[in-house]
Amino acid sequence: MKRYVGLFGVIVATAGLAVIGTLGGAYLADRTATRQPDSTAAATGSTGRPSTGSGNADPGRSASSDPSASSGPSASPSKPQPTPRTYRLDRPIYEQASLNVTLVSAETSGGKLRLNIRYRNDSRVAWPVSCPTADVDLVSSHLTLSDGRTVRPERTWCATTRAGQSFSIGPGEQIDSWAVYPVAPEAASSFELTWYDFPTLDVRLG
């Protein structure tokens, strides 16, 4: 049975996957699916728009991460924002046949959480991958918070820069992906990350 996995549809040499070159291939999400956002995601009040990705300028990132940014006159003083923090994690999400997906770090700022994820190809052959369409991508991963809430991303690298595209990661190359969620877990808090069809990862900040 075909299994859809990882950002840009992870290509792995496992039984049941279609063969592409010397590696098996599957999209990271079913591009023909008609998935709908969870109602719990709507409860977050997210109205974010995609912005440019890791390694490029991310307007949404800078605007949301500046606690001093003002959106205009207010009838009452704004609530002080927690100090932005970066957590180095280096947690493996997937490792097989020299193909690696790693949760590198997490950043909390402006009431949002950004997860930085690296895809690295240490094999001798190219790694064919693909992104689903933007609407599918934005419902293909989520966080499960300690109180049981499910939160979908409001911006992702795939939806922003490669929506609906197929490409490849060359031998020895890597691609840095990211996703921004409209929630900012506190230091020492835990949550679960479901990154497409990879195994769920337990994450603790700090």
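1. Conventions. A residue is termed buried when its relative accessible area is under 20%, exposed when it is over 50%, and partly exposed in between (1.4 Å probe, protein chains only). Helices (H or I, at least four residues) and strands (E, at least two) are DSSP runs, numbered from the N terminus. The model is predicted, with local features requiring pLDDT of at least 70 and side-chain atom pairs counted only at pLDDT 80 or more, while totals for chains, interfaces and linings use all residues. Residues are numbered from 1 along each chain as its sequence is written, and side-chain values use heavy atoms, with hydrogens and water left out.

2. Overall composition. Four helices and 13 strands are assigned in the protein. Its length is 206 residues, of which 43% count as buried. The protein exposes about 10300 Å², and carbon and sulfur atoms supply 50% of that area (Shrake-Rupley method, 1.4 Å probe). Among contacts (heavy atoms within 4.5 Å) with a separation of 6 or more, 63% join residues 24 or more positions apart.

3. The open sheet. Five strands, in the order β3-β4-β5-β11-β9, form an open sheet with antiparallel pairing. Its edge strands are β3 (85-96) and β9 (155-156), each of which pairs on one side only. Two strands are taken to pair if DSSP finds at least two bridges between them.

4. Pairing of β4 and β5. Strand β4 (residues 99-109) runs antiparallel to β5 (residues 112-121), and 10 bridges join the two.

5. Strand β11 and its neighbours. How many residues of β11 are buried? Six of the eight residues in this strand (174-181) are buried, so the strand is mostly covered. Eight bridges join β11 to β5 in antiparallel fashion, and Tyr181 in β11 is the bridge partner of Leu113. Two bridges link β11 with β9, also antiparallel; here Thr156 stands opposite Ala179 of β11.

6. The loop at Ala163. Ala163 lies in the loop between α4 (157-161) and β10 (166-169). Is this residue buried or partly exposed? Ala163 is partly exposed, because its relative accessible area is 35%. Not counting residues up to four places away in sequence, Ala163 touches Cys131, Pro132, Thr133, Ala134 and Cys158. Thr133 is 30 residues from Ala163 along the chain, yet their C-alpha atoms are separated by 4.8 Å.
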